[in-house]
Amino acid sequence: MVDAAGKRVLVIDDANLVRRYYRDALERAGFEVEEALNGLEALEKLQDAVTDLLIVDVNMPQMDGFTFLKALRRQDLPVAAIPALVISTEAGAQDRDAARMAGGNFYLVKPVSQELLIEHVSMLCGIGP
Amino acid sequence: MADAAPVTEDELRRLSEFLYRRTGMVFTESKRYYVQRRVSDRMAVTGATSFASYFARLRSDIAGEIEQFINAFTVNETYFYREEHQLQCLTRDLLAERTRRRPRSDAIRIWSVPCSTGEEPYSIALWLLENWAQVDAYDIEIVGSDIDTRVLGAAAGGVFGRRALMRLTPDLVGRYFEPLEDEHWRILQDIRDSVRFTPINLVETAETRTQGKFDVIFCRNVLIYFDDASRRVAAENLYENLAPGGFICLGHTESMSRISPLFDVRRFNDAIVYQRPERPHG
Amino acid sequence: MPLIRRGGGRSPPVEDNGSDPERLLRDGTSDQRWAAARSLAGQPQAVDALGGALSTESDARVREAILTGLARIGTPASAEAIVPLIRSEKADVRTAALDALRLMPRALEAHLTTLLKDAEPDVRVLACDLARELPPPVATRLLCALLAHDAEANACAAAVEVLAECGEASALQALAACAERFADVPFLVFSANIASERIRAQAPARDG
């Protein structure tokens, strides 16, 4: 069982069932969850409270996940360094590379089980097993 | 007529998401009660007896139902120094960037569109006089535009009631306004002369192009009303009206931006603004 | 008082692009290509010029202007010019194309049937999202057809996502079958259940 100690996760995905699925798992594990429907909304939301981890989809309207990450990493603010878990449908090696080059810290391929999600979120938040 | 069953949490969520995707308006938990009320009101007016049929109507935007719905949530009232944090951002951050390496002869141009009855462009004038250390160093041109020529006429007249001035200190009112009878004040001639008012439809490129290029554009709470196709055109027009490196401020109290990928997002202490990129190299 | 009202016209108006926009669209500077794309927007006879430019344009902003121009034409031909971009390796190009296609639901319908059977699963995923713009009975029919045959969990998940928003009662059977077929994919079972719940909650008689 994970002790999330109130770590905050921002879930960025345009699919509302995906966000619900992640929220369900994250809240049961004790994380606080915020949501954004695309990269632009995420950039706007990140002005508010402290966020410990981003979960980032790639294909989203208005601003895709890679464009978002690049815009975020460019900023001269603490938010620029928040770790990002990229979760996408695309399974190729070039997509993993693209994620890393955009500033993602880890890459998972959909569909992701709730157990796998919590395992990686915990790791990226620096929470032990 | 029988009361419709109360709207469920899930239904409210779906409706909120749909409206967000269409208009950019955000309905947070704190607004749920009002959303519920609005849904009930609109269901009664349109004769829908189930949420499903009302939602279908909304999704198809029958008889402009989307605008009917969101009208209850948009603050149409305007007053001086509304969204003061954006004015703060203007003098603390935006103008500093715009005046870096800029000849003094190059006028600073600011656009308020839509300007309605003038509170916003006059606020900008007052704010600059009161808060910008370099206000004497540069020529400043403020343009206020609106599609509605009646409000433009009122704006040029510069007469305001008590509610419009409620955020201003008595000192400011005393220095910049002359009292008229019947609880009205007129802003001083010099300030009225500082703003040029023009009739403009944001979606008409031929019209917007006549206004030239600006350093800062305030375009608050109008894009949410446009359909997606018109919004793209308006955003492209606004992009053209910005000098490279210029900024645009949108309304943030009720909506996430619906600005297009043409702009870069810039987050300052006081506000989030959107920027046309500086001239690219080569 | 330091604030001065200019007589107007001190700042040059934004340039209009007069001559030969089709040529400038191909050969001009990025500013010229931008202006050319905007001047051709909405003109049905410009579909080929805009579509041709789209396939080679590398400037993201000019691309947006071209896409707006094609979207304003709104014919199946203009949709056809945009569809190839959803196969791009670049996420921002795909996003831009999809945003424009969402403005053209009627023009899109003919293409969607084909896209939903595309050999590439990622294309099918994106096509499901576009189906959201169609009238609910049409979207339901097309997405249920996908659910019946698609072997890819992500494509089915995308179809379920859209059915959860606008699916009709006729989708319930396909959703149940999907949950069974993918019993080992927890996310898909989760989604199919929610979608079914939402559709069942709408069951009370609709009015006119």
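The domain assignment of chain C, which is automatic or taken from a database, gives domain 1 (21-103) and domain 2 (108-202). The C-alpha centres of these two domains of chain C lie 29 Å apart. Their contact takes 10 residues from domain 1 and 9 residues from domain 2, two residues being in contact if their C-beta atoms, placed from the backbone, lie within 7 Å. On the side of domain 1 that touches domain 2, helix H5 (76-82) and helix H6 (91-101) of chain C are the elements that give two or more residues. By class, this side of domain 1 has 6 nonpolar, no polar and 4 charged residues; Ala, Val, Leu, Ile, Met, Phe, Trp, Tyr, Cys and Pro count as nonpolar, Asp, Glu, Lys and Arg as charged, and the others, Gly among them, as polar.

The model is predicted: local features need pLDDT of at least 70 and side-chain atom pairs count only at pLDDT 80 or more, while totals for chains, interfaces and linings use all residues. Residues are numbered from 1 along each chain as its sequence is written, and chains are lettered from A and ligands numbered from 1 in the order in which they are written.

Chain C contains 12 helices and 0 strands; helices (H or I, at least four residues) and strands (E, at least two) are DSSP runs, numbered from the N terminus. Of the 208 residues of chain C, 49% count as buried, a residue being buried if 20 or more other C-beta atoms lie within 10 Å of its own, exposed if 12 or fewer, and partly exposed in between, with C-beta atoms placed from the backbone.

Chain C also meets chain A, where 18 residues of chain A are in contact with 22 residues of chain C. On the chain A side, H1 and helix H3 (65-73) each supply at least two residues, and the largest share, 3 residues, comes from H3(A). This side of chain A comprises 8 nonpolar, 7 polar and 3 charged residues.

Helix H1 (residues 16-28) of chain A has 13 residues and should span 18 Å at 1.5 Å a residue, in agreement with the 18 Å between its end C-alpha atoms; the expected span is 1.5 Å times one less than the number of residues. Buried residues of H1(A) include Leu17(A), Tyr21(A) and Leu26(A). The cover over the buried residues of H1(A) includes strand S1 (8-12) of chain A, as well as helix H10 (153-166) and helix H12 (186-201) of chain C. After H1(A) comes Gly30(A), with a positive phi near 95°.
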